[in-house]
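Let's take a guided walk through this model together. Have your viewer open and follow along.

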2 protein chains.
Amino acid sequence: MRSILARRRPDVAVDIGDDAAVLSAVSEPLVWTVDAAVEGVHFRPEWLTWREVGFRSFVAAASDLAAMGAAAYAAVLSLTLPHEFHDESLFDLVRGVADAADRARTSVVGGNLTAGKAVSVHTSLLGTVTGSPLTRAGAKSGDTIYVTGAPGAAALGLCALQANRLDVSEFVRAWKRPPNRLARGRELLGVASAAVDLSDGLIQDLGHVCEASGVGAVIELGQVPVPQRFDQVAAELAADPVWLTLAGGESYELLFTVAEGVDASHLGCPIGTVREQLGVEVIAADGRTVDEAATRVGYQHFTSQEPNLPK
Amino acid sequence: MRSILARRRPDVAVDIGDDAAVLSAVSEPLVWTVDAAVEGVHFRPEWLTWREVGFRSFVAAASDLAAMGAAAYAAVLSLTLPHEFHDESLFDLVRGVADAADRARTSVVGGNLTAGKAVSVHTSLLGTVTGSPLTRAGAKSGDTIYVTGAPGAAALGLCALQANRLDVSEFVRAWKRPPNRLARGRELLGVASAAVDLSDGLIQDLGHVCEASGVGAVIELGQVPVPQRFDQVAAELAADPVWLTLAGGESYELLFTVAEGVDASHLGCPIGTVREQLGVEVIAADGRTVDEAATRVGYQHFTSQEPNLPK
């Protein structure tokens with residue numbers, strides 16, 4: 001594992017193999033997060049290779065840094081593995097982590113392995129930020145709301161995996177290989193007033209921003225990007241495209257707000273407006289308000305042992 | 001949870017509740033570790049209150065910082081909890097973590113919660129170190145080997161718990177409430193040539209130091225501290241006191257080496273000597289070499305779903 005993960009870094013004095021890793025001091029504020037991917041909760045082994053599990057778990061953790069405008073500095077892993085787990089599967093998982101860490105321009109400097117009934121990957125990431133980090137607080141009435149990518153694509157990919165529709169590979173891929181938005185996050189520094197990564201679903205994560213900022217929001221449903229074939233494939237899978245777009249989780253795209261009059265369309269797609277009135281309202285293309293129920297149901301922790309599926 | 005864990009800290013700009021925590025830059029090298037406590041592997045719920053689970057998991061993680069001579073800076077938690085886990089149990093667990101963090105003069109600044117079949121607590125700790133951290137490498141032939149505390153006491157406590165012998169409370173307590181050796185670890189800076197925390201058992205962890213340092217060692221069994229009643233209680237529990245002392249894990253005491261001629265007896269108890277010849281030899285009080293088998297068996301990861309028990 002050490003040979004898979006180790007990278008020569010002048011800023012790492014001690015890496016994998018001692019009681020703890022030792023990193024050089026950094027002169028910038030530290031941003032620190034942890035995220036977990038648990039077999040049977042976040043993924044099923046039949047859906048992903050172990051290398052994909054490793055890759056995806058790392059990118060999902062890194063999206064928290066992206067949402068703060070941070071660069072990844074280093075990572076540590078805590079793995080639980082069943083006794084029957086093969087060494088080669090472990091090495092594949094670790095290779096996937098290393099792939100994702102390389103793309104994030106960082107590396108894993110330490111970790112812990114223990115037995116457990118299910119495979120779980122707990123990824124802790126340290127980042128550094130130049131100036132003030134983006135937070136969920138800071139959105140102001142009149143700000144424009146933007147998203148990167150197409151927030152519903154990953155949720156549709158999850159539907160496809162459940163239905164064994166592997167032919168709709170662009171959606172399956174959106175779920176399996178979430179985007180690395182670290183560079184985009186850094187571009188938002190000094191531009192965005194608030195940001196969040198979309199792990200729980202667009203409306204729920206926008207709700208976090210609104211709550212932290214003490215504001216409300218209006219979303220123009222027709223402005224939210226959807227990929228080609230989205231409605232058609234959703235229909236084939238008996239999934240509600242509106243639900244997927246508004247409440248489907250795990251896209252790991254970024255949602256951010258920008259002061260009125262500032263054009264950030266090179267960084268994302270404008271989808272709505274921050275307002276004083278609390279709550280999030282969604283306006284359909286025909287001008288009618290979308291039923292709140294369709295916007296309320298997001299990724300609910302602890303609601304199911306199964307992956308978090310559109311109902 | 002936030003109200004249980006939050007502490008006012010001028011060096012924490014953003015704590016629990018945003019995508020990630022934001023900490024002030026520190027001018028010293030960073031020491032970073034992660035450790036896990038998994039139900040059915042590291043503990044059984046009938047042995048510990050949830051508050052004790054939280055306390056113990058934090059101290060076990062912190063012992064890695066102690067072994068490097070670091071002060072704790074901040075912690076993040078990643079928890080997996082079964083659906084049926086009660087909120088009150090969760091709050092108790094978190095209170096135990098907060099108790100231990102307070103004693104370590106630090107606090108939890110972020111984390112992640114997810115569902116899982118078993119309770120697991122993954123604790124990641126950042127520390128800072130003044131000057132050069134202690135590592136496992138650095139022991140030199142002729143150095144004296146020291147330990148803090150009585151390395152076998154916790155393993156005997158685990159035997160007592162298995163046998164439901166709660167009356168031998170000093171040993172049960174040694175297992176339930178491992179020592180906070182952070183201050184001691186810092187006292188070792190500039191004194192010790194190498195250090196490790198005793199999580200896997202004295203001989204196995206000493207072996208890690210020897211391997212990293214390219215040396216061997218001789219231990220005088222009669223010099224290794226044992227508490228009062230140790231042999232008697234071990235006999236009552238049909239446990240081998242030599243095995244407990246040499247191979248019993250989870251004491252979270254420190255083992256360290258000090259250059260010949262330097263007296264560190266105020267920091268630990270001298271128990272042996274580093275030598276050029278590779279391998280670890282144990283000499284009994286009668287001058288005979290202790291059978292290698294009794295020294296070889298330590299805490300073996302992945303050998304059992306059950307807690308790691310003396311056989």
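How many residues of chain A are in contact with residues of chain B? In this predicted model, 52 residues of chain A are in contact with 52 residues of chain B, where contact is taken as C-beta atoms, placed from the backbone, within 7 Å.

A word on conventions: residues are numbered from 1 along each chain as its sequence is written, while chains are lettered from A and ligands numbered from 1 in the order in which they are written. As the model is predicted, local features need pLDDT of at least 70 and side-chain atom pairs count only at pLDDT 80 or more, whereas totals for chains, interfaces and linings use all residues.

Confidence comes next. The pLDDT, which is the predictor's confidence in each residue from 0 to 100, has a mean of 93 in chain A, and 94% of the residues of chain A reach 70 or more. Over residues 298-311 of chain A, however, the pLDDT is below 50, and in the model this stretch has 35 contacts beyond near neighbours in sequence. For the complex, the predictor gives an ipTM of 0.92 and a pTM of 0.93.

Now back to how the two chains meet.

Six strands form an open sheet of mixed pairing, in the order β5(A)-β4(A)-β6(A)-β3(A)-β2(B)-β1(B); two strands pair if DSSP finds at least two bridges between them. At the edges stand β5 of chain A and β1 (12-14) of chain B, each with a single partner strand, so one side of each is left without a neighbour in the sheet. On average, neighbouring strands of this sheet are turned by 20° against each other, direction ignored. Within the sheet, β4(A) and β6(A) pair in the antiparallel sense over nine bridges, and Ala72(A) stands opposite Gly127(A) in β6(A). Helix α2(A) packs on the sheet, touching β3, β4 and β6 of chain A, and its direction makes about 145° with that of β3(A). Such angles run from 0 to 180 degrees between N-to-C directions, with axes as lines fitted to C-alpha atoms, for helices over the stretch in contact.

Strand β3 (residues 30-38) of chain B shows the crossing too: β2(A) pairs with β3(B) in the antiparallel sense over three bridges. Leu23(A) stands opposite Leu30(B), and Ala21(A) has Trp32(B) as its bridge partner. With strand β6 (residues 120-128) of chain B, β3(B) makes an antiparallel pair over nine bridges, where Val31(B) stands opposite Gly127(B). Is β3(B) mostly covered or mostly open? Nine of its nine residues are buried, meaning that 20 or more other C-beta atoms lie within 10 Å of a residue's own C-beta, placed from the backbone, against 12 or fewer for exposed and in between for partly exposed.

Finally, look at strand β10 (residues 254-258) of chain B, where five of its five residues are buried. Leu254(B), Phe256(B) and Val258(B) point one way, and Leu255(B) and Thr257(B) the other way. Strand β7 (residues 144-147) of chain B joins β10(B) by four bridges, running antiparallel, and β8 (residues 192-197) of chain B pairs with β10(B) in the antiparallel sense over five bridges. Leu255(B) is the bridge partner of Val147(B) and of Val196(B).

Terms used:
Helix = DSSP H or I, 4+ residues; strand = E, 2+ residues; numbered from the N terminus. Contact = placed C-beta atoms within 7 Å.
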